[in-house]
Structure formats: C-alpha cells, structure tokens
Amino acid sequence: MEWRDEAIILTVRRHGENGAILSLMTERHGRHAGLVRGGQSRRLKGVLQPGNRIAAGWRARLEDHLGTLTVEPVASHAAALMMDPGRLAALSSALALVEAGLPEREAHPHVFESLAALMVALEGEGWAETYVRWEVGLLADLGFGLDLSACAATGVTEDLTYVSPKTGRAVSSEAAAPYRDRLLPLPSFLKQRRGAAAPEDLAQALQLTGHFLAGQVFDLHGKPLPDARTRLAEWLRRGRAA
C-alpha cells in the first residue's frame, strides 16, 4: 500500500530513540498517521513542526497498518508564528480541532484547503477574524453549517442579532425579543466576508462556534473541546487579540 500527498502536520510524537509518529491532515487521504524514521534528527526537527506543510509519502504492507512516512518540506508556518502568543494559540486550536474532530483516513479535501489557507492567513492582518470564520467553515464541512442569511422566525434579512442554539439559524432583534436570554449573540462581523471586529465580538463569536462544535461534533463522540481551543477562547476573552 502506497500513496503520495500534500499534508499539514497536526501532531508529532516521539517514538523510540530516534523516530517520530506524525498525524497529518492530507489533501486526498484525510487525517492520516505514520512513522518517520529518524524523525528526531537535527535534519528533520525543524521540518516536523505542527502547522508546517509537507509533501508526504506513505507506505505500508497492509492498508490498516501504521506505515512509514517520507517527508519533504513545502512551507514552514510554525516558525513565523512562534513569537506571537495569539497567533500561536490560533494555530494550536485549529490543529487540535482537526485532529480530534475528524475521523481517521476519511477524505475531507475542503478541510485541508481551508486549513492550508488559514496557516497562511495567520501570518497576516485580521488573523483573529479569519480564524473565527474558519471555524464557521469547519462546521459546514462537517455537516453542521450555520445559517446566518435570514431570520428563522420571520425570513427577514436585516437586523440579525442572535442565533438559535438548537438550529444554528439567525434570529432578528424583533423576533428574538421574548427569548433573548435563551439565544446566542451574533457578532455583526460574521455576517460579512471581511471586516475587523472588537475583542468582545471575537469572544462572542468563539462562544457561538464553540457551542456548536461541542454539541454537534465533540459531544457525539464523548469528547470535550480540545484544551488548545479553550486556551484560545480565554486569550480572546481577555481582549488581547486587538
């Protein structure tokens, strides 16, 4: 059994004296693990960092074996974010959500493409807003997309300020009035493709996506949200993303 594919490194674990077991998000083979012989060597240590993009070759005698990996560097994103705690927290959170939320060896090409784009976007301006929009896209890719286009109760498309915690559909201010304390706030920047957001809006947006990630993805598998995701939410709650 053998394949070659583009991949983003999700996790790296030591194996034995000199090896490393990688978990990868690949373009055509989904989330996939493999052993890199000599993965702890000085030559490979800088390459095998979570968030880096590589060209990977996997080989095994049988399809269900762990198999061995060969790796070639394509893009080093981890080093560029290492000195910025907020961007690094976003990187760690995204990788942890993909690692824990996706089934192994099931192709999700859109998740790979969006994750690859996020790795680049985290180096630029507006990275926090881009990260939140990436979580909204991840929910859609996993089959739990939010509908923020019109009010669930009245169908109007203006003054959408809340989201139903049950259906993930937007609700207008007027329709939400009797149930406001049961609904999730909808930050205005999420209704636009671009635009900056205040730290409190980013925190509310992560509360919104976190509610559905927990309830629709992780609770179904008896898992909590990853610790890295919780740390990012706390970082943004403190308003430091600005």
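## Helix packing, loops and a pocket in a predicted model

Glu2 is found in strand E1, which spans residues 2-15, and the model in which it is described here is a predicted one. With a relative accessible area of 55%, Glu2 is exposed, and, leaving aside residues up to four places away in sequence, Glu2 touches Trp58 and Arg59. The C-alpha atoms of Glu2 and Ala94 are separated by 28 Å, and these two residues are 92 residues apart along the chain.

Two packed helices are described by the angle between their axes and the distance between the axes. Helices H3 and H4 pack at an angle of about 170°, and their axes are 11 Å apart. Because angles over 145 degrees count as roughly antiparallel, H3 is roughly antiparallel to H4. On the H3 side the contact is made by Leu91, Ala94, Leu95 and Val98, and on the H4 side by Val111, Leu115, Leu118 and Met119. By class, the residues of this contact of H3 with H4 divide into eight nonpolar, no polar and no charged.

Helix H4 (residues 109-121) also meets helix H5 (residues 127-141), and the axes of these two helices come within 10 Å and cross at roughly 175°. H4 and H5 are therefore roughly antiparallel to each other. From H4 the contact draws on His110, Val111, Ser114, Leu115, Leu118 and Ala121, while H5 contributes Trp127, Thr130, Tyr131, Trp134, Leu138 and Asp141. In this contact of H4 with H5 there are eight nonpolar, three polar and one charged residues. Val111, Leu115 and Leu118 of H4 take part in the contact with H3 and also in the contact with H5.

The loop between H3 (85-101) and H4 holds His108, and Arg105 is found in the loop between H3 and H4 as well. Is His108 buried or exposed? His108 counts as buried, at 13% relative accessibility, since buried means under 20% relative accessible area. Not counting residues up to four places away in sequence, His108 touches Met25, Gly30, Leu102, Pro103, Asp141 and Leu142; among these, Asp141 is also one of the H5 residues in the contact with H4. Arg105, by contrast, is partly exposed, with a relative accessible area of 32%.

Most residues other than glycine have a negative phi. Arg105, although it is not a glycine, has a positive phi of about 60°, and Asp159, a residue other than glycine, likewise has a positive value, with phi near 55°. Asp159 is found in the loop between H5 and E6 and counts as partly exposed at 47% relative accessibility.

Glu158 is found in the loop between H5 and strand E6 (160-163), and is exposed, with a relative accessible area of 60%. Between Glu158 and Ser172 there are 14 residues of separation in sequence, and 7.2 Å in space from C-alpha to C-alpha.

| Residue pair | Separation along the chain | C-alpha distance |
|---|---|---|
| Glu2 and Ala94 | 92 residues | 28 Å |
| Gln216 and Ser149 | 67 residues | 20 Å |
| Glu158 and Ser172 | 14 residues | 7.2 Å |

There remains the matter of pockets. The largest pocket has a volume of about 470 Å³. Which residues lie nearest the centre of the largest pocket? Of the 13 residues that line the largest pocket, those nearest its centre are Thr130, Arg133, Gln192, Arg193 and Arg194. The lining of the largest pocket divides into three nonpolar, four polar and six charged residues.

Notes
Residues are numbered from 1 along each chain as its sequence is written. This is a predicted model: local features need pLDDT of at least 70, side-chain atom pairs count only at pLDDT 80 or more; totals for chains, interfaces and linings use all residues. Side-chain values use heavy atoms; hydrogens and water are left out. Axes are lines fitted to C-alpha atoms, for helices over the stretch in contact, and angles run from 0 to 180 degrees between N-to-C directions. Helices (H or I, at least four residues) and strands (E, at least two) are DSSP runs, numbered from the N terminus. Angles under 35 degrees count as roughly parallel, over 145 as roughly antiparallel, 65 to 115 as roughly perpendicular and the rest as oblique. Contact means heavy atoms within 4.5 Å. Ala, Val, Leu, Ile, Met, Phe, Trp, Tyr, Cys and Pro count as nonpolar, Asp, Glu, Lys and Arg as charged, and the others, Gly among them, as polar. Buried means under 20% relative accessible area, exposed over 50%, partly exposed in between (1.4 Å probe, protein chains only). On a 1 Å grid over the protein atoms alone, a cavity is a set of points where a 1.4 Å probe fits but cannot get out, and a pocket is an open set with protein on both sides within 12 Å along at least five of seven lines; lining residues have an atom within 4 Å of a point. Grid points are joined across faces, edges and corners, and a volume is the space filled by probe spheres set on the points.
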